Amino acid sequence: MANVAVIGSQWGDEGKGKIVDWLSSRADVVVRFQGGHNAGHTLVIDGITYKLHLLPSGIVRRSKLSVIGNGVVIDPWALQKEIETIRAQGVEVNPQKLVISESATLILPVHPMLDEAMERARGNDPIGTTKRGIGPAYEDKIARRGVRVCDLRDPESLKGKLEKMMFHHNALLRGFGEKEVSVDEIHAQLMEVAPEILQYAGVVWRVLDEARKAGKKILFEGAQGMMLDVDHGTYPFVTSSNMHAAQAATGSGMGPDAVGFVLGITKAYTTRVGSGPFPTELEDADGQRLGEQGHEFGTTTGRKRRCGWFDAALVRQTVTISGITGIALTKIDVLDGFKTIKICIGYELDGKQIDYIPASSAEQARLKPVYEEFEGWDGTTNGAKSWAELPAQAVKYVKRIEELIGCPVTLLSTSPERDDTILMQDPFHA
Ligand code: IMP
């Protein structure tokens with residue numbers, strides 16, 4: 001029995017919520033392995049809408065185990081609030097249903113302050129972060145001054161850790177001309193929230209090993225998308241974690257062979273939130289129309305998403321780098337009614353043709369897309385549940401995407417509704 005890792009193949013917001021929800025109904029364990037509450041997954045189950053940022057999607061279902069792995073950065077107050085919100089919606093959350101890695105790094109109140117201050121310091125060239133403190137918390141983790149879930153158990157040594165951390169950050173805050181933060185204040189705030197978090201703290205690698213040995217199906221729920229990966233994305237306009245499928249193993253404490261089928265969630269066009277290069281971006285009526293028909297507003301920050309044509313060269317690259325086994329193509333219905341649809345098949349860079357996104361952000365900004373034009377379709381794909389219900393031209397579009405990215409479409413989503421899905425292969429039984 002294969003496990004499944006779900007990752008975004010573009011810049012995030014590919015429509016993972018619906019697919020993850022569908023897969024989590026088949027899984028026994030759902031694991032978050034990177035990122036934090038910068039993510040936003042919307043689930044609609046039996047007419048009730050759940051907005052999740054940090055909690056794995058399995059949480060809304062009875063008898064599923066939800067796991068937050070060591071690779072995630074956790075804002076304990078945001079987590080507490082999210083738990084309260086879904087409890088108010090009738091969802092049970094208890095230590096039998098939710099386990100949080102003891103070694104996950106915490107986002108403290110100083111991290112969003114630093115996130116804001118650093119964005120301001122970038123002047124006209126901001127990253128456009130979600131300002132949730134994600135980057136500064138990962139910086140602390142890598143710099144080995146992070147505070148982790150297990151530290152909440154020992155108030156005395158926690159104080160020493162905070163003193164070392166704040167010695168560094170207060171120097172930085174002074175430099176930015178910001179108010180310093182008191183160690184005692186953060187310590188008191190942490191002590192207040194500690195019991196809530198610690199009740200879920202556990203040895204995640206062992207919990208997952210036991211689940212695996214018992215033949216349980218594990219779903220690894222990625223957030224963001226490969227083009228925001230700190231190693232493989234459009235650096236520096238990226239987030240601070242790895243979205244790569246291998247991170248499902250590293251960020252949860254399992255071997256790489258545990259990851260199984262890698263499902264790359266891929267939108268039938270392209271969107272991006274925040275700044276940075278975007279070769280197929282449309283700043284015309286077509287872009288406007290994609291945004292309106294696709295309801296392209298961020299779940300976490302409400303920001304308008306930038307929209308553009310499907311970039312096959314980009315997805316071919318992320319499929320190759322992250323070892324995507326099959327893709328789930330989403331939001332094809334948003335292309336209904338377009339007379340002409342374009343697919344980017346490569347780029348022109350300073351007069352030369354290239355078929356990949358180079359590493360330099362200056363070069364990325366100079367890429368000019370090379371398009372293949374595609375005739376749109378009459379009729380609608382919206383709500384189709386089988387290939388036979390799709391307009392012939394829409395089937396051709398999907399087939400062409402498969403050819404260009406060198407990867408099969410495992411699943412096609414034709415509307416936000418859960419049942420409006422065409423399944424070619426069940427990833428858990430691949
Ligand atoms: P950060 O993760 O808040 O540091 O933001 C870094 C970049 O990643 C910004 O461009 C954000 O807009 C983007 N980003 C972070 N999380 C998401 C997400 O869940 N979907 C799409 N973009 C995201």
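Guide: Let's start with P136, which counts as buried because its relative accessibility is 4% (buried is under 20% relative accessible area, exposed over 50% and partly exposed in between, with a 1.4 Å probe and protein chains only). This is a predicted model, so local features need pLDDT of at least 70 and side-chain atom pairs count only at pLDDT 80 or more, while totals for chains, interfaces and linings use all residues. Residues are numbered from 1 along each chain as its sequence is written, and side-chain values use heavy atoms, with hydrogens and water left out.

P136 sits in helix α4; helices (H or I, at least four residues) and strands (E, at least two) are DSSP runs numbered from the N terminus. Setting aside residues up to four places away in sequence, P136 touches H111, L114, D115 and M118, where contact means heavy atoms within 4.5 Å. I74 is 62 residues from P136 along the chain, and their C-alpha atoms are separated by 12 Å.

Just after the helix, R144 takes a positive phi of about 65°.

Two of those covering elements, β8 and α5, lead us on to α6, as its buried residues pack against β8 (105–106) and α5 (155–175), along with α2 (76–88), β7 (98–101) and β9 (201–202). The buried residues of α6 are V183, I186, H187, L190, V193, A194, E196 and I197. At the start of this helix, a side-chain oxygen of S182 reaches to within 3.3 Å of the backbone nitrogen of D184. How does the end-to-end distance of α6 compare with what its 16 residues should span? At 1.5 Å a residue, residues 183–198 should span 22 Å, and the end C-alpha atoms are 21 Å apart, which agrees (the expected span is 1.5 Å times one less than the number of residues). Still, α6 has a kink of about 35° at E192, shortly before the proline P195; the bend is the angle between axes fitted to the seven residues ending there and the seven starting there.

Our last stop is R61, in the loop between β4 (48–52) and β5. R61 counts as buried because its relative accessibility is 14%. Its side chain makes a polar contact of 2.4 Å with the side chain of D21 (N or O atoms within 3.5 Å; within protein, one able to donate a hydrogen and the other to accept it, with residues adjacent in sequence counting only if both atoms are side-chain atoms). Beyond neighbours within four places in sequence, R61 is in contact with D21, S24, S25, I45, K97 and R418.
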